[in-house]
Amino acid sequence: MLQTYAERLLANTLKDLVRRGTLDVTLPGGRRRAFGDGTPPRAAIRFTDTRAVLALLMDPDLRMGELFMDERLVVDEGSIYDVLELLLRDADAVKPGAAVRMLDAVRMSIRRFLQNNRPGRARANVAHHYDLDDRLYALFLDDQRQYSCAYFEHPGQDLESAQRAKQRHIAAKLLVEPGHRVLDIGCGWGGLTRYLVEVAGAGRATGITLSEEQLKGARELAARAAHPQAYDYRLEDYRATPGRFDRIVSVGMFEHVGTGYHDAFFRKCHELLTDDGVMLLHFIGNSDVPDFNNPWIEKYIFPGGHIPSLSEFTPAIERSGLVVTDIEVLRLHYASTLRIWRDRFLARRAEAVALYDERFARMWEYYLSMSETAFRYQDIAIFQVQLARRQESVPLTRDYVGEREARLREAEARLGSPGLIPSGT
């Protein structure tokens, strides 16, 4: 009876979700059902037990990934990305069931608690993800270890040149001049700071991070750069950073601040920025109304993380005294980045299994796959927000961006590739 009930609920859900393409489902008793219009793309999944079906129906956001990790939902044809694509690309037109809506309301009500990223907790959250074995990231990142969205200037561009284009685009918007003091909040392995010094000509680059592994890597790579004395990397929370900087940049860190700390973050940036300074904030944003963090991502990948909407973070900017001088939305660039990362990871999947285990490899595949589908089919994009203390600190038109990118490209050519920018591998 329970099995029949679960199968009926699943069929009612999937017939609405899967409208294009074909999803074949094998149920615990061996019965098979097909959903969709019979056209490609095609995928096939199998449930190993009835409770797996019920778990998915009651809490799909959390349980889909867990069931895949635990091999209670098995992909027999295609990949987990193919399955997620079939389920999500028309999902906006389907209203969730009452149980899911109730669970969503609970998660919305507790999100500020989950994002209580005080300094000690913030460091623990960062360590959960970024202090994994460094060899894991070498499996799929580019040679500069840019663990953030690339900037694709044309179709088919390779990852290394697209990541270099991202660095160039950011440096152009920062209006870096020789001798400038630059702060990178959440510096990762230091690839962007090295670009700002070696190519853009900054005089001094300070990078702060809460990841001990990334700090170690950034320092080692900076020691091989042409101007090793220009770098200062610290294990430091942004709230504790002293000094004043001509330029501030932060890439992929703001998602870890938490909604309750937006005011503190922007007030601190205002304090750190010189009167004629410029800041560029690059992060994953929500193009829809405010929402809670995906519970599977929260539990397994990025605890304490949040993807803010414009209405959540712009009031904090206004209260800080900073001026928004430009906002650019990079649509689908991260989907293309994640596609390459996923392909690279799967090509070296056996190495990930050797580093950790099979369940970890399935977790990582699910993470890369569901992230890509989020950028392709849900309201997730990259925001680049340019800020200043004074509105006249930035030119009145965007012409300068292309002009500066052209000069930076010339500087790259003079340095060679990789030239004075050491590889992260």
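In the predicted model, Phe 47 stands opposite Leu 73 of strand β4. The two strands concerned, β3 (residues 42–47) and β4, run antiparallel and are joined by four bridges. They belong to an open sheet of four strands, in which the order is β2-β1-β3-β4 and the pairing is mixed. Strands β2 (32–36) and β4 (73–77) form the edges of this sheet; each has a single partner strand, so one side of each is left without a neighbour in the sheet. From one strand to the next, the twist averages 25°. Helix α4 (residues 80–88) lies across β1 (22–26), β3 and β4, and runs at about 100° to β3.

A second open sheet contains seven strands, ordered β7-β6-β5-β8-β9-β11-β10, again with mixed pairing. Its edge strands, β7 (231–235) and β10 (323–330), each pair on one side only. On average, neighbouring strands of this sheet are turned by 15° against each other, direction ignored. Within the sheet, strand β5 (residues 181–185) runs parallel to strand β6 (residues 204–209), and five bridges join the two. Arg 181 is placed opposite Arg 204 in β6.

For the protein chain as a whole, 17 helices and eleven strands are assigned. The radius of gyration is 23 Å, which agrees with the value near 22 Å that a compact globule of 425 residues would have. Along the principal axes, the C-alpha atoms fill a box of roughly 75 × 45 × 40 Å. Among contacts in the protein chain with a separation of 6 or more, 74% are between residues 24 or more positions apart. Of the 425 residues, 56% count as buried, with buried taken as under 20% relative accessible area. The protein chain exposes about 17,900 Å², of which carbon and sulfur atoms supply 52%.

Definitions and conventions: Residues are numbered from 1 along each chain as its sequence is written. This is a predicted model: local features need pLDDT of at least 70, side-chain atom pairs count only at pLDDT 80 or more; totals for chains, interfaces and linings use all residues. Side-chain values use heavy atoms; hydrogens and water are left out. Two strands pair if DSSP finds at least two bridges between them. Axes are lines fitted to C-alpha atoms, for helices over the stretch in contact, and angles run from 0 to 180 degrees between N-to-C directions. Contact means heavy atoms within 4.5 Å. The radius of gyration is taken over C-alpha atoms; the globule rule is 2.2 Å times the number of residues to the power 0.38. Buried means under 20% relative accessible area, exposed over 50%, partly exposed in between (1.4 Å probe, protein chains only). Accessible areas come from the Shrake-Rupley method with a 1.4 Å probe; for residues, only the protein chains shown count as cover.
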